[in-house]
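Student: I have the model open and would like to go through a few spots with you. Could we take them one at a time?

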Amino acid sequence: MGSTPTSVTQPKLGKLKVGRQMLLQRYQHQPLVCCLAGLYGCQWRRYQQTLTQPGHCCRSKWECGSFALIVLTFCLSLVFLYFWSEAQNDYNDFDWFNFGNLGFWFPWSLVLLILAVFLFTYVAVLLLLAVCLLSEGQRLYLHWCHKIGILVTLILSIVASSVLSDLWGREWMTVLLSFQVTAPYLHIGGVVLITLLSWPIAFHVFRLNMKVSRIAIMLPYMTAIVSLYLAPLGLKSPCIKDSRNLGSAPALIGHRGAPMLAPENTYMSFEMALAAGADGLETDVTISYDGVPFLMHDKNLLRTTDVEDVFPNWTHVSPAMFTWRELQSLNAGSWFFSQDPFRTASSLSSGQRLQAQNQSVCTLRSFLDLAAQHGKLVVFDLYRPPRGHPYRDTWITQTLDVIHNQSSIHSSQVLWLPPELRDFVQELDPELQQITHEQAPVEELQLRRIARLNIHYSSMSETEIRKYAAANISTNLYVVSEPWLYSLAWCSGAHSVATNAVHILKKLQRPLFLMTPDEYRLMWTLTDITSLILIMMIFMFHWWRERVLAISVNNSSELDNGSYRQFRAELNDVWFLSNMNGSEKHELSL
C-alpha cells in the first residue's frame, strides 16, 4: 500500500526539513551580489539577479555595448585626468590666458582638475562594479541613469581634451616628459590591473565551450600582458642613472620674483625670492612714455594693477603709453589678494599682507640695485614701445643707460636676452652675458658669443643640454615650478631654471625619482614575474573548479534518476503535512 502523509516518521521529517533548508539556501539573497547589482543596475531584489550562461555576460547586445562604452570612457577619462594633472606646472598661465579672453578672473584650472577627478572616479567605480559582477557570475544590466552619466562623461572627456589640445597643445609635450618620471609607477599599476582582471577572464574562458570564443577573449588579454611586461624596455629616462653621475642642482632664477608669495614684478616679490634662496632674478622691462624703464609683463595694466579704478578709460592701453608719474599712482599689489592666482595669499603674515597691498610698479633701476646688493644674476625681456612712442627707436640705449649709469649692478651680472641690435650691444658692452631663445647649431652660437640658452622646458633634452654644455654654453629652462619637472631638469643636466616656486624647489635635496639601471631592471622584472605567477595560479584554480563542477553535474544527473525523485516526493509530503496541520488547527479553533 502506498505511503500516506501520516506515515512519514519523525526522523525522516527532520531530514526532509534540513534538505529543504539546504535547497532554499541556494536562492537566498547574497549581500555582496545584492550590493553590486544594486549600485550597478539598481537591482536590489533577489529575483532581478540572473546568473550568466557560458558566453553570455550581458542580458542583451545593448548591455554589451554599454559595458564596452564604460571601458572606452574609462580610457578616455584616464587620459584626460593624466593630461591635466601633469599640466599643473602651467595652471597659472592657463588661468591668465582665460582672464585675457574673458575679462574676469576665475580658477578654471582647478575646476577642470576637480571635474577630471570626479569623472574618472565615477567611471572607474562603475567599471569595478561590472568586473566584480562578472567575477560573481552575474549578468550585467546597467541602469539608464548610469548610461546617461557614462555618455555625458565620454562627451565631456572628448570635448575637454580636444579644446585643451587646440589651445594648449604644448602640454602634450609635458605629458611625454612626465612619462620619464612616472612610467615606472604606471607600469606597476598596469601590471596590478591586468593581474586582477585575470580572475573574471579565467572565470568566463573556462565556461565557454567554443574555442573561437576563448581565443577572442584570450588573444587581446595575452597581447596586453606581453605589452605591459615588455614596456619598460622602451623607457629612456635621464633619471635612471648612477647617483655618482648626477650633476649639481640647477640654479633657481625667480620668475618675476616669487609670484606665489607676493605680487609679481614688484619689489617685494624679488625680495621674497632672494629670501627663499634664489640664485638669480627674471623680469620684463617696458619703457614709460617719458623714458623710465619699469617692470611689466602684460600688454596692458588691467591684470596686475588697479588701472580700472584710477584710469577707467585706459584699461587696454599699452603700459608704455603711461608716464612714470601716472604709473606711480597705481596700486600693483591689491589684485594679489582679490584674485589669489596661486591660492597662497593666506600663507602671508599680517605684516606681509599689509606690505603686499601697498606695492607699486617697480623701476628697472630698483630691480638692478637689489640684485647688485645681493650679488645675483638678472635676466629680462625688453619690450619695444608701440608706434608713436618718443623712445620707440632708442629703447635699447635707454635701458643700457640705466645699467651703466644709474644702477650699481655690474654688466657681468646681466644676462642680455633681447635679440634686437645684439651686435651693437656686444660692441658697446662686451661684458654683458648674451643669452638667446634659439637652439641654433653650436658653431653659430659660439660665433655670436652666446653664453646661455633660454628655452621652454618642453624642449628639454639631455642629449642637447650636454651637447651645448660641452661647448661651454649653459642652458636655462623656463618656467619650471613642479618638483617632478625640476627633478627631470636636474637629471638632464640643466644649469638653471626660471621658476615661480623658489621656496619649494630649494628644499629638494635630490631628484624625486632616481635609480640605477640595475635597480630599475630588478624592480620591473620582479613585478612581471610575480604577476605571471599569480595569473597562472588564478587560471589553474578556475580550470580545476570547472572540472570539479563538471563531475558534480554528472553525479547530480544520476541522483535525478533515482534518490532525488524520492527526496522530492517526500519533500512534497512535508509541505502537505505543514498545510494539513495548519488546516486542523484552524478547524479546532472554530
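Student: Is H456 buried or exposed?

Tutor: This is a predicted model, and in it H456 has a relative accessibility of 12%, so it counts as buried, the cut-off for buried being under 20%.

Student: Where is H456 placed?

Tutor: H456 belongs to strand β7, which covers residues 450-456.

Student: Changing topic: which residues form the nonpolar patch on the surface?

Tutor: The patch is formed by F97, L151, I155, V159, V163 and L167, which together have about 490 Å² of accessible area. Helix α6, residues 144-167, supplies the largest share of that patch, with 5 residues.

Student: Why might residues spaced along a helix point the same way?

Tutor: An α-helix has 3.6 residues a turn, so residues three or four places apart point the same way.

Student: What about helix α7, how far apart are its end C-alpha atoms?

Tutor: Helix α7, residues 171-205, has 35 residues, yet its end C-alpha atoms are only 41 Å apart, whereas a straight helix would reach 51 Å.

Student: Where does the kink in α7 lie?

Tutor: The kink, of about 70°, is at T182, shortly before the proline P184.

Definitions and conventions
Residues are numbered from 1 along each chain as its sequence is written. This is a predicted model: local features need pLDDT of at least 70, side-chain atom pairs count only at pLDDT 80 or more; totals for chains, interfaces and linings use all residues. Side-chain values use heavy atoms; hydrogens and water are left out. Helices (H or I, at least four residues) and strands (E, at least two) are DSSP runs, numbered from the N terminus. The expected span of a helix is 1.5 Å times one less than its number of residues. The bend at a residue is the angle between axes fitted to the seven residues ending there and the seven starting there. Patches are made of residues with over 30% relative accessible area and no salt bridge: like charges are joined within 9 Å, nonpolar side chains (Val, Leu, Ile, Met, Phe, Trp, Tyr) within 5 Å. Accessible areas come from the Shrake-Rupley method with a 1.4 Å probe; for residues, only the protein chains shown count as cover. A salt bridge is a side-chain nitrogen of Lys or Arg within 4 Å of a carboxyl oxygen of Asp or Glu. Buried means under 20% relative accessible area, exposed over 50%, partly exposed in between (1.4 Å probe, protein chains only).
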